[in-house]
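Biologist: Could you take me through how the helices pack here, and then what surrounds the ligand?
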Amino acid sequence: MTIEDKTALTSFLNLAGDYIKGGYKVTPPPDIQEQYQEGLSSLPLAYQIDEDDEEAGESLSAEAGFATGSTSGSNHSFIPSSIEDIAAAINTCKACGLAATRKNAVPGEGVKNPLVMVIGEGPGADEDSLGRPFVGKAGQLLDRMLAAISLYRDKNCFITNTVKCRPPENRNPEPGEMAACYPFLEQQILLLKPSLILCVGRVAAQDLLKTGTGINALRGKFIDLKIGEIIIPVMPTFHPSALLWDSSLKSYAWDDLRLFRTRLASISEEYASSIGKDGKN
Ligand code: SF4
């Protein structure tokens with residue numbers, strides 16, 4: 001099976017699961033519906049959020065203390081002065097249904113002046129129990145992947161997710177939940193101003209970049225994310241959970257990480273010299 005076949009199958013199963021669980025209210029274009037029915041497509045999820053979902057997301061965002069109607073970063077009523085302010089708001093947030101089932105919100109963790117932000121999809125069971133991002137098996141693999149290119153959450157990274165509370169049974173976050181939570185992510189990006197963002201997994205990449213394109217087409221490329229006045233290059237790659245599920249994807253992820261390392265070294269002399277010190281050229 002080729003990587004395209006595997007990605008197509010994964011996307012097909014994801015979308016089928018979304019439909020079955022009622023997770024996404026999707027209206028695929030007619031050609032995509034046709035391919036979906038035939039089971040042939042990688043289903044780029046060119047979904048449209050129903051008006052109801054958008055309205056729900058906006059009213060919930062307002063409830064969380066944010067002005068709504070913009071994801072440009074310039075229209076929020078809540079202007080946090082620190083990453084701790086954002087974490088405090090997240091920890092008490094009840095702006096979407098995920099608040100009712102979480103044990104702990106997971107704002108994210110890392111240094112306050114990160115070179116890199118790593119953004120995943122949402123907390124799992126281990127993260128929900130501890131209130132920390134990426135601490136389960138996938139998180140441990142992520143730490144090893146990052147260490148391979150001299151990135152560490154206690155040294156030069158900040159790690160977070162698109163939604164800060166665990167979706168029950170590890171389902172994908174719903175569009176309304178991601179819309180409600182997005183202002184937190186946007187404010188974290190604006191405060192931390194990373195040089196680059198590594199976005200792991202289809203769901204996070206599609207939410208952050210506001211695209212329906214599949215992860216196989218997005219991965220390994222830098223795509224500019226514009227928030228307000230700032231532009232930050234984002235590289236999507238596979239989620240570490242996908243690598244645990246299918247180890248043949250690891251070589252593609254490593255290709256992505258090497259490109260990411262090269263770009264980062266061209267931006268930061270300190271990082272470039274740290275690569276030399278770590279012997280990871
Ligand atoms: Fe609030 Fe985000 Fe948690 Fe929803 S997922 S309750 S918007 S912090």
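Biologist: At what angle do the axes of H7 and H8 cross?
Modeller: In this predicted model, the axes of H7 and helix H8 (residues 202-209) cross at roughly 75° and come within 11 Å. H7 is therefore roughly perpendicular to H8, since angles of 65 to 115 degrees count that way.
Biologist: Which residues make the contact?
Modeller: H7 contributes Met 178, Tyr 182, Leu 185 and Ile 189, while H8 contributes Val 203, Asp 207 and Leu 208. Six of these contact residues are nonpolar, none is polar and one is charged.
Biologist: And how do the axes of H4 and H7 cross?
Modeller: Helix H4 (residues 83-91) and helix H7 (residues 175-192) have axes that come within 10 Å and cross at roughly 170°. H4 is therefore roughly antiparallel to H7, as the angle is over 145 degrees.
Biologist: Which residues of H4 and H7 make that contact?
Modeller: On H4 they are Ile 83, Ile 86, Ala 89 and Ile 90; on H7 they are Phe 184, Gln 187, Gln 188, Leu 191 and Leu 192. This set divides into seven nonpolar, two polar and no charged residues.
Biologist: Changing topic: where does the ligand sit?
Modeller: The ligand sits in the largest cavity. The residues around the ligand include Ile 90, Cys 93, Cys 96, Arg 102, Lys 164, Cys 165, Ala 180, Cys 181 and Phe 184.
Biologist: Which helix gives the most to that shell?
Modeller: H7 gives the most, with three residues.
Biologist: How many residues of the shell are nonpolar, polar and charged?
Modeller: The shell around the ligand has 10 nonpolar, no polar and two charged residues.

Conventions. Residues numbered from 1 in each chain as written. Predicted model: local features only at pLDDT ≥ 70, side-chain atom pairs only at ≥ 80, totals over all residues. Heavy atoms only, no water. Axes fitted to C-alpha atoms, helices over the stretch in contact; angles between N-to-C directions. Helix = DSSP H or I, 4+ residues; strand = E, 2+ residues; numbered from the N terminus. Parallel < 35°, antiparallel > 145°, perpendicular 65-115°, else oblique. Contact = heavy atoms within 4.5 Å. Nonpolar A, V, L, I, M, F, W, Y, C, P; charged D, E, K, R; others polar. Near = heavy atom within 4 Å. 1 Å grid on protein atoms, 1.4 Å probe; cavity = no way out; pocket = protein on both sides within 12 Å on 5 of 7 lines; lining within 4 Å. Sits in = over half its atoms within 2 Å of the grid points.
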